[in-house]
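Welcome, and thanks for taking a look at this one. Here is a short tour of some helix packing and a sheet.

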Amino acid sequence: MQKEITMLDVHKIREDFPILKRKVNGKPLVYFDNAATSQTPQVVIDTIVDYYSNYNANIHRGVHTLSQEATDAYEIARKTIQKHFNAQHAHEIILTSGTTHSINIVATGFTNFLSKGDEVIVSALEHHSNIVPWQMLCERTGAILKVIPMNEDGELLMDAYDHLLGDSTKLVFTNHISNALGTINPIEEIIEKAHSVGAAVLIDGAQSCPHVKPDVQALGADFYVASAHKLCGPTGVGLLYGKEEWLNKLPPYQGGGEMIDQVTFEKTTYAGLPHKFEAGTPNICGGIAFGAALDYMNSIGFDAIAAYENELLEYGTRKLLEIEGLKIYGTSKNKTSVISFNLENIHPYDIGTIVDKLGIAVRTGHHCAQPIMDFYKIPGTIRASFSFYNTKEEIDALVEAVKKAKMMLS
Ligand SMILES: *Cc1c(COP(=O)(O)O)cnc(C)c1O
C-alpha cells in the first residue's frame, strides 16, 4: 500500500517566511538560491529574539537561573537534533559552526590514524569543503587521495568505486546529495562497501538534509555532517554526528574552556562527549534555533516536502528545456530540486545579473565544486534550487526572465 502523503499548502507556508514578502529591484522576490542557504521562518526568528530578550547567558557554568535556562534549552535542542537524525545517544551529536567545521574536526582527527600509503577516497561530486580538508590530511600523513569518477549525467561510477576499494582504503567521504547538480548518491551502497574493507565513512549531508530525513543508525555512517542554515535555521551552527566509539577515539580539535576535565600546567585531561569537541562558548542561540528549525520542518513533514519539491523539479525542468539552446547539467533520475544550466554561448554571470534585476535570486558560478565544472569544461552554471516554499508561478517568472536575458545577450 502506498504511504499517504499530506500535501502541503504552499500559500499558507509562505506566510511563515517574512522575507518572501519583500521586493527586490521593485519586483517580488523569487528566492531560488536555497542550495546556498534557506530562508528563515518566523518561529525561528522568534526563538532567536526570545533568547536574547529573556535568557541570554553562558551555558554549563553558572548556577544562576538564566544560565540554567539557557543550558536546558541548548541540551533540549541537542536532543531534538539527535531524534531527528536518529542517533543512538545525544552525546554523539556535536554542535559545530557548520559542515565545514565538522569535516575539519574529523579530517584533523585522523592525522594520527593514517600513514604513508594509506588511501582515502572522495567522490568527483564533492563541495570544496569535502575536498580540501582531506587533501590537507593527505599532505600531513602521506596518504593518497583517490576519486570516484562521474558520468555525463552527473552520477558516480560505482564499478570504478569497487576497483578503488582495497586493503589500503582507510576512509571514504562523499556527499549524500551534490549541491552543484542535485544528484542523489547511493550512499547505502557506498557505506556498505567501504565497511566491507574496514574503512570509515563520512557523509556530507549539507545538501540532503533539507530534502530528506536521514537515519544515521540505519545508514550505519561513521560520521554525518550538516549545517543548520540550509535547514531553515541560522548561519554559524551545524552538527557533527559520530559513532560513539569513533568520537572517543578521535583527539579534540581545539583546546580551551568547556572541553576539559582537569587542568594543571603539567597535564590536562579532557571532558567526555560531547564537550570534548565543543571548546569555548558555543553558538548557544544558534543551537537552540537549530532545534526550532527542525521542529518547524518536521511539522510540515519531510515526505510532503520531498513530494512537493519533486513536483517543482519536474515542472522547472520541463519549462526550462523549452528554451532553445538551454542545457541542464546533472540529469540523473535520482536528483533533488536543483537545476544547474547554461545557455549556449552566454556567460552564466551575465544571465544571473539580468535575472536579479527582475527580482530573482539564482546562484551563478562554480558552486564550490570546481572539479565538476572542469569535468563539463565550463566556467560555471546558473543554478536554480527550489524549496518547499517556492511555487510554479515563481518558476514561470524565472523562465520568462531567462528568455528575456537570452534576447538581450544574444
Ligand atoms: C553548503 C555545503 C557545504 C558547506 O557548508 P557550510 O555551511 O558552508 O560549512 C558542504 N557540502 C555541501 C554538499 C554543501 O552543500
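Helices here are DSSP runs of H or I with at least four residues, and strands are runs of E with at least two, numbered from the N terminus. With that numbering, helix 12 is followed by Gly359, whose phi is positive, near 85°. Please keep in mind that this is a predicted model.

**Around helix 12**
- Helix 12 covers residues 348-357, and its buried residues include Pro348, Ile351, Gly352, Ile354 and Val355.
- The partners that these buried residues pack against are strand 14 (338-343), strand 15 (360-361), strand 16 (363-365), strand 17 (381-385) and helix 14 (392-409).

- An open sheet is built from 4 strands in the order 13-14-17-16, with antiparallel pairing.
- Strand 13 (326-329) and strand 16 are the edge strands, each pairing on one side only.
- On average, neighbouring strands of this sheet are turned by 30° against each other, direction ignored.
- Strand 14 and strand 17 run antiparallel and are joined by 4 bridges; Ile339 stands opposite Ala384 in strand 17.
- Lying across strand 13 and strand 14 is helix 11 (residues 302-321), which runs at about 5° to strand 14.

**Helix 4 with helix 5**
- Helix 4 (residues 99-109) packs with helix 5 (residues 132-141) at an angle of about 15°, and their axes are 9 Å apart.
- Because of that angle, helix 4 is roughly parallel to helix 5.
- The crossing of helix 4 past helix 5 is right-handed.
- From helix 4, Ile103, Asn104, Val106, Ala107 and Thr108 meet Pro133, Trp134, Leu137 and Arg140 of helix 5.
- The residues of this contact comprise 6 nonpolar, 2 polar and 1 charged.

Technical notes: Residues are numbered from 1 along each chain as its sequence is written. This is a predicted model: local features need pLDDT of at least 70, side-chain atom pairs count only at pLDDT 80 or more; totals for chains, interfaces and linings use all residues. Side-chain values use heavy atoms; hydrogens and water are left out. Axes are lines fitted to C-alpha atoms, for helices over the stretch in contact, and angles run from 0 to 180 degrees between N-to-C directions. Angles under 35 degrees count as roughly parallel, over 145 as roughly antiparallel, 65 to 115 as roughly perpendicular and the rest as oblique. A crossing is left-handed if the near helix is turned anticlockwise from the far one by less than a right angle, and right-handed if clockwise. Contact means heavy atoms within 4.5 Å. Ala, Val, Leu, Ile, Met, Phe, Trp, Tyr, Cys and Pro count as nonpolar, Asp, Glu, Lys and Arg as charged, and the others, Gly among them, as polar. Buried means under 20% relative accessible area, exposed over 50%, partly exposed in between (1.4 Å probe, protein chains only). Two strands pair if DSSP finds at least two bridges between them.
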